[in-house]
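Hello,

As promised, I am handing over the structure for you to look at.

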Amino acid sequence: MGGRAGSPLTVDAGVFRDKYELEYEWKDDVRVDWAPVHGQMQKSQQGSYSLEPGVAGTTVTYRLAVELTMPMLGMLKRKAERLIMDTALKELKKRVESLG
């Protein structure tokens, strides 16, 4: 099952600002993959969450690869990547909490 995010996401890291929308592909209740539908500053973004039930709880594996359209100094690039990752994690938390 696929679908788009409910609203555009915004990342603001000072010199780096991007507004983008993601398309999700849900694989049962154990995995979700996403890729951007459009964005301004990201050449690509491939991400996923995988859920694996265990005895002590559920293990969540998070993968994210981001490529920006413009070259940046290492420190600024890492900051932008970290903000993109934080946004994705906040969206996961919001989704999990909405399910109860």
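Which residues does valine 32 touch, not counting residues up to four places away in sequence? They are Tyr24, Glu25, Trp26, Gly47, Ser48 and Tyr49, where touching means heavy atoms within 4.5 Å.

Before the rest, a word on the source. This is a predicted model, in which local features need pLDDT of at least 70 and side-chain atom pairs count only at pLDDT 80 or more, while totals for chains, interfaces and linings use all residues. Residues are numbered from 1 along each chain as its sequence is written, and side-chain values use heavy atoms, with hydrogens and water left out.

Now the overall picture. The protein chain has 1 helix and 6 strands, in the order β-β-β-β-β-β-α from the N terminus. Both kinds of element are DSSP runs numbered from the N terminus: helices are H or I with at least four residues, strands are E with at least two. The chain has 100 residues, and 27% of them count as buried; that word stands for under 20% relative accessible area, with exposed being over 50% and partly exposed in between (1.4 Å probe, protein chains only). Among contacts with a separation of 6 or more, 32% come from residues 24 or more positions apart.

Back to valine 32, which sits in strand β4 (residues 31-38). Why does valine 32 count as buried? Because its relative accessibility is 6%. Its C-alpha atom is 6.7 Å from that of serine 50, a residue 18 places away along the chain.

The strands around it are worth a look too. Strands pair here if DSSP finds at least two bridges between them. Strand β3 (residues 17-27) runs antiparallel to β4 over 7 bridges, with leucine 22 bridging to proline 36 in β4. The hairpin formed by β3 and β4 has 3 residues between the strands, and aspartate 28 in the turn shows a positive phi of about 55°. Strands β5 (residues 42-54) and β6 (residues 57-68) are also antiparallel, over 12 bridges, and a hairpin joins them through 2 residues. Tyrosine 49 has tyrosine 62 in β6 as its bridge partner.

Those two tyrosines turn up again among the aromatics: Tyr24, Trp26, Trp34, Tyr49 and Tyr62 form one cluster. The whole structure holds 5 aromatic pairs, counted when the ring centres of Phe, Tyr or Trp (its six-membered ring) lie within 6.5 Å. Planes under 30 degrees apart count as stacked, over 60 as edge-to-face and the rest as tilted.
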